[in-house]
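Me: I am new to this structure and would like to know where its labels come from. Could you take me through them?

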Amino acid sequence: MNPADWDVVGVLGRVTSSIRSDGYGEIVYEQNGVRQVASAKASGDQAIPRNTEVVVLRVERGVVIVEPFDDLLGESDERRAAAPSIEP
């Protein structure tokens, strides 16, 4: 078994049990064709409602730390807008 096959950082999942602010919830994700379930905590202080698509940022003591996918996309768009444009 290759440990990299079970690395969950960067994996997309969906919240199945709401993650309360400063609390825990649950996500489901698929890895190597197998459906997995994990305890989850938000990366910040915000609550994350059920059915929200999330990205796993890291794992701490067996709990995945997640952030909503849309929030990550928003940060990316903001960085792109703030970056200087290069004209050909």
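Reply: Gladly! Let us begin with N51, which lies in the loop between β3 (34-42) and β4. N51 has a positive phi of about 75 degrees although it is not a glycine. Please keep in mind that this is a predicted model: local features need pLDDT of at least 70, side-chain atom pairs count only at pLDDT 80 or more, and totals for chains, interfaces and linings use all residues. Residues are numbered from 1 along each chain as its sequence is written, and side-chain values use heavy atoms, with hydrogens and water left out.

Me: What makes a stretch a strand or a helix, and how many of each does the chain have?

Reply: Both are DSSP runs, numbered from the N terminus: a helix is H or I with at least four residues, a strand is E with at least two. The chain comes to one helix and five strands, in the order β-β-β-β-β-α from the N terminus on.

Me: Why are β1 and β4 called a pair?

Reply: Two strands pair if DSSP finds at least two bridges between them. β1 (residues 12-17) and β4 (residues 53-60) have three bridges in the antiparallel sense, so they count as paired. L12 has V55 in β4 as its bridge partner.

Me: Why is D22 called exposed?

Reply: Buried means under 20% relative accessible area, exposed over 50%, and partly exposed in between (1.4 Å probe, protein chains only). D22 has 58% relative accessibility, so it counts as exposed. D22 belongs to the loop between β1 and β2, and it takes a positive phi of about 55 degrees although it is not a glycine. Of the 88 residues of the chain, 28% count as buried.

Me: How do you know that the charge of K41 sits over the ring of Y24?

Reply: NZ of Lys or CZ of Arg must be within 6 Å of the ring centre and within 35 degrees of the ring normal. The charged end of K41 is 5.3 Å from the centre of the Y24 ring and is listed as sitting over it.
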